[in-house]
Amino acid sequence: MQRLSRIENYGFIGNMRTAAIIDVDGSIDWLCLPRFDSDACCAKLVGEPENGYWKLWPTEEVISQTRHYRGETLVLETVVETASGSASIIDFMPLSRDADSIIDVVRIVEGHKGTVEMQMHAIFRFGYGHVAPWVHRRKKGITAVSGPDSLRLETTVDLETNEDDIRGTFTIEAGERVPFVLTWYRSFCTEPSTRDAEQALKDTEQWWQEWSAHCDVSDEFREPVIRSLITLKALTHIETGGMVGAATTSLPEKTGGQLNWDYRYTWLRDVTFTLYALLSSGYRDEACAWREWLLRSVAGDPAKLQPVYGLAGERRLYEHRLDWLTGFNDSRPVRVGNRAYLQRQLDIYGEVMDGLHFSRVHHIEPNEDIWKVQCQLIDFLEKHWREKGMSLWELRGPARHYTHSKVMAWVAVDRAIKGVEEFGLDGDLEHWRALREEIHAEVCEKGFNQELNSFVQYYGSDTLDASLLLIPQVGFLPASDPRMQGTIEAIQENLVYEGFVYRFKSTHKEQHLTEGEGAFIVCCFWLVDALILLDRRDEAYALFEKLLSIRNDLGLLGEEYDPIRQCQLGNFPQAFSHVGLINSAHNLGCCDKKGRKGPAEERGEE
């Protein structure tokens, strides 16, 4: 079993095509090339050292270390001090030179004072740590080749190889800088030119600084919001506009358990939340690219709409296990692909309709096909909204009449109606109004439990679900409605531990809420938003500050949090968590500003 590690220990760099996950000890433990969803050539994160990693670190004992992103960029700097001196390791990924065919990872060691002896150690293994490449020494580094993949590591350090084990030791003095440039390219193509590390650093920092300068947020919340926005930007593929749920696969929702999923894909459930986060922060181009990805992905038969797609809208995400990998902290299995693409989730129709309506409200360039697509979605939903489906949580159990799904069916019809009322589009207004009323009445009758004085997870149950916090955000009922107040109170009483919100109470959580998976971080932000809508601003602000405190030292969030063990859980960094942070910050920032509405209030009034 590998040493116990914490998700908080990891940093993250990327180039909007792929990403690297870097341990606090200077080791790149996860690197997929050339795309987020490609095979990893460094897979130690979910395996053992022999599954691939690339480490730069002092050979002697480290007395102290700190790390930070250099300003409002995605350039990571780790400062280490030993008895003999101090140095920095600067890690970044420049923007790609030639689409997906060339990817660079750059590491620069800079001396600050005294002298520090450093060692570089790398094992590259293609096919998720399964295939050892042919390693060849060259004048200024090595090449590693296997099948279609080729890596070239260039440096001024003399490297030694023992089969696929690559090592080099060097001494860095104050004022010196030693570069390492790792380049991936297709093995059957012409070898690319060498990238200048120092120029790449200058260009990369400048690009991120200029991008971050467009952020529109109050000074009070700028630091957490801009870090979250940079994270979202880095998780968005620069060509397709698709945003991955996270950069990793199979980081466990329960340590030692089997709740290990591949999040390197794009979810429809994130559509409207993400649009609000981007547009509220001043990033219209990114919102347009996200909307265009959505249009391409949902094209075709509405019956074949699926919850999750590949980065470019790929539909088949076959799930299988990588049995040679031991998992993060021995949490098996390690999965690639995501079988949730086969599920029928009715809530996604509402999410898509809401996202497209939102785009129209905010004057994102109209597309003549949008309304046609929306009408097709409503025609399908009218025939099928009464059917059972799967939860937005993608539970792998029986289909049910999930309350959130029915609420989102109402949202879909409501947004179609508003398309006619507010924009003069063609539609059967009276028929849709009757359908909207029918769905609303059924949800209030069958999705509300009188004894609990709360809406419930699915019809006829007594189970609560954090997704019910979204009811006022989507405009189904105001937060002030007694039924909604009762729901929020019930969730606070039954699904919250020390301010942290769990998605629902599964069977093994009946006695102890904190057993099993952790609290779901985005649900915690949904509670912040619900409290704001109830005008309980002080409570909302206190909870928001608490949530900021669980970020790691780099401001990054995973999917879940274990308040007992005080550690993050799930894939990392998690886009949905950072979207929640951004929207809650805007909701809080707009509370005291006349004429300005936060995303939660605006969405509820769309």
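Which residue forms a salt bridge with D414, the closest N and O atoms being 3.2 Å apart? K418 does. The legends below cover this pair and other close-up views.

This is a predicted model, in which local features need pLDDT of at least 70, side-chain atom pairs count only at pLDDT 80 or more, and totals for chains, interfaces and linings use all residues. Residues are numbered from 1 along each chain as its sequence is written, and side-chain values use heavy atoms, with hydrogens and water left out.

View 1. A salt bridge here is a side-chain nitrogen of Lys or Arg within 4 Å of a carboxyl oxygen of Asp or Glu. D414 and K418 both sit in helix α8 (residues 403-423), 4 residues apart, about one turn of the helix. Helices (H or I, at least four residues) and strands (E, at least two) are DSSP runs, numbered from the N terminus. D414 also forms a salt bridge with R415; here the closest N and O atoms are 2.6 Å apart. D414 and K418 are buried, and R415 is buried too. Buried means under 20% relative accessible area, exposed over 50%, partly exposed in between (1.4 Å probe, protein chains only). A network of salt bridges links D354, D414, R415, K418 and R436. The whole structure holds 43 salt bridges.

**View 2. The D25 and K55 salt bridge.** D25 forms a salt bridge with K55, with the closest N and O atoms 3.4 Å apart. The pair links distant parts of the chain, 30 residues apart. D25 lies in the loop between β2 (19-22) and β3 (27-32), and K55 in strand β5 (residues 53-58). D25 counts as buried because its relative accessibility is 16%. K55 has a relative accessible area of 23%, so K55 is partly exposed.

**View 3. Strand β2 and its partners.** Two strands pair if DSSP finds at least two bridges between them. Strand β1 (residues 11-14) runs antiparallel to β2, joined by 4 bridges. F12 stands opposite I21. In the turn of this hairpin, M16 has a positive phi of about 70°. On to β3: 3 bridges join β2 and β3, again antiparallel. A20 has L31 as its bridge partner. G26, in the hairpin of β2 and β3, takes a positive phi near 80°. From β2, A19 and I21 point one way, A20 and I22 the other, and all are buried.

**View 4. The surroundings of Q574.** Q574 is in the loop between β26 (567-569) and α13 (575-589). Q574 counts as buried because its relative accessibility is 2%. Leaving aside neighbours within four places in sequence, Q574 is in contact with G245, A246, Y263, L557, G558 and E559. Contact means heavy atoms within 4.5 Å.
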